[in-house]
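Grab a pencil and work through these exercises with the structure open beside you. Try each task yourself before you read the solution.

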Amino acid sequence: MRVRKVVALGAALTLTAVVSACSSGSDSGSGSQTVNWWTWDDKQAAAYEVCATDFEKANPGVTVKISQYAVADYFTKLTAGFVAGNAPDAFQDSITYFQEYADQNQLLPLDDYIKKDDFDLSRFSVGVDSWKYTDGKQYGLPLDWAATGIYYNADMLTDAGYTKQDVDTLDWNPDDGGTVGKMIAHLTLDTEGRRGDEPGFDKNNIKTYGFGQIAAKDFLGDTTWSSFVSTTGWRLSNKPSWPTTLNYDDPTFIKTMDWVRSLVEKGYAPAIGTFTDSVSDVDLISSGKIAMETGGSWSASTFTKIPGVEVGIAPTVLGPDGKTRAVFSNSNGNNIWAGTKDPDLTWKWVSYMGSEACQSKASLTGTFFPSIPASMEASAEALKAEGVDLSVFTDMLNNKVLYPAPSLTNGAALEAEFEPLFEAYFAGEKGDSIFKDMQSQSKTILAEK
């Protein structure tokens with residue numbers, strides 16, 4: 001049996017080496033065909049190998065080459081491939097870069113293929129419309145979906161006097177933080193063992209933060225503050241797709257950011273940079289540095305399998321009305337490069353990746369959530385047998401508390417502009433007035449062609 005290899009290339013490779021290593025289409029003179037597919041996610045790279053093997057068996061003479069690059073380098077390498085004419089045939093894409101690539105005519109419209117094969121887009125639970133551009137054409141198929149949950153150290157909650165029911169029903173408001181604000185304070189411990197709501201608590205010497213990093217430079221607030229402020233009805237943009245402004249000057253948003261910053265100022269949550277990038281959220285939970293945090297659904301399997309530590313998963317907080325949950329959901333897409341030498345074969349591979357047969361097999365790892373409901377159910381059942389309960393996330397899907405990430409013009413430029421400003425705000429270097437400026441800047445950036 002042939003051993004397959006996932007190609008993982010680090011930042012040490014030169015640009016020339018990267019470009020020359022990823023030529024698309026048929027292997028010259030060999031009579032065989034190769035489809036190159038890229039991703040930044042090492043877990044999905046490994047998971048989709050099972051689909052690649054099945055696809056090759058069904059298509060003799062075809063090889064699927066899966067390459068994975070660190071996310072910090074991934075989009076730079078893609079751009080280099082576009083310029084050199086050696087980009088991968090197909091690739092995982094983030095909605096942040098969709099508009100840029102579509103405007104550059106680097107993406108192949110899929111409408112003719114969808115129509116020819118009678119490919120049913122309704123098979124996907126989320127994400128279809130996110131990959132439809134302003135010209136009305138469909139440029140991508142949903143590859144996965146993600147949501148946010150609360151992960152917590154079960155023993156720490158018990159020691160603090162809380163139950164699973166308590167954390168499952170937490171509420172929040174921007175004025176005093178609601179029950180989650182009280183829980184965060186009580187879970188925080190200084191180095192002398194005093195809790196954040198007890199006399200003598202020393203905010204400058206923290207043993208355990210009650211909550212993980214919620215003051216984030218991420219301008220979307222993806223897995224941090226978005227699940228809080230969204231319960232009020234606030235949304236990032238004035239339109240769900242291709243907005244003209246971002247709602248940073250909304251009073252409720254500003255009040256929420258003030259509350260988030262107060263957690264850092266009180267010593268209840270770490271400031272940006274408290275822990276190095278090499279220390280993962282899993283490390284922080286397992287080592288007792290934090291008691292609970294919001295985190296991505298893709299980490300569920302990893303969190304719940306930490307040796308010697310029981311980690312529970314709870315839904316995100318209820319809003320000020322005590323009823324509303326609202327969870328930002330991102331769906332990455334599968335795009336085909338417009339310059340591929342074999343668009344028919346590449347579509348065959350991409351459409352197979354978007355089939356129940358492929359996604360049900362690939363998602364058994366539990367390292368990503370497939371975009372097809374039947375496959376999601378299969379994944380959840382398989383992981384339940386291993387002691388991993390994904391019902392928090394499947395309930396979000398079934399109860400329709402998810403809302404999609406907006407399709408943004410110039411997403412990379414927005415990220416570059418606003419990350420330093422969020423960082424400065426949470427460091428106390430900027431005041432609330434920065435958000436009015438950011439709202440104004442968002443109009444300018446979103447309007448740029």
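**Exercise 1. Count the helices and strands of the protein chain, then judge its overall build.**

Step 1: The chain has 19 helices and 14 strands. Helices here are DSSP runs of H or I with at least four residues, strands are runs of E with at least two, and both are numbered from the N terminus. Keep in mind that this is a predicted model, where local features need pLDDT of at least 70, side-chain atom pairs count only at pLDDT 80 or more, and totals for chains, interfaces and linings use all residues. Residues are numbered from 1 along each chain as its sequence is written, and side-chain values use heavy atoms, leaving out hydrogens and water.

Step 2: Now check the radius of gyration, taken over C-alpha atoms; the globule rule is 2.2 Å times the number of residues to the power 0.38. For 449 residues a compact globule would come out near 22 Å, and the chain's 23 Å agrees with that.

Step 3: Look at what is covered. Buried residues (under 20% relative accessible area, with exposed over 50% and partly exposed in between, using a 1.4 Å probe and protein chains only) make up 56% of the 449.

**Exercise 2. Is Q106 buried or exposed, and which residues does Q106 contact?**

Step 1: Find Q106 in the loop between α5 (95–103) and α6 (111–116).

Step 2: Its relative accessibility is 15%, so Q106 counts as buried.

Step 3: List its contacts (heavy atoms within 4.5 Å). Skipping neighbours within four places in sequence, Q106 touches F82, Y101, I336, W337 and A338.

**Exercise 3. Work out which residues lie on each side of strand β11, and how β11 pairs with β7.**

Step 1: Start with the general rule: in a regular strand, side chains alternate between the two faces of the sheet.

Step 2: Apply it to β11 (residues 311–314). V311 and I313 are on one side, G312 and A314 are on the other, and all are buried, so both faces are covered.

Step 3: Strand β7 (residues 148–153) pairs with β11 in the antiparallel sense over 4 bridges; pairing takes at least two DSSP bridges between two strands. In β11, V311 is the bridge partner of N153.
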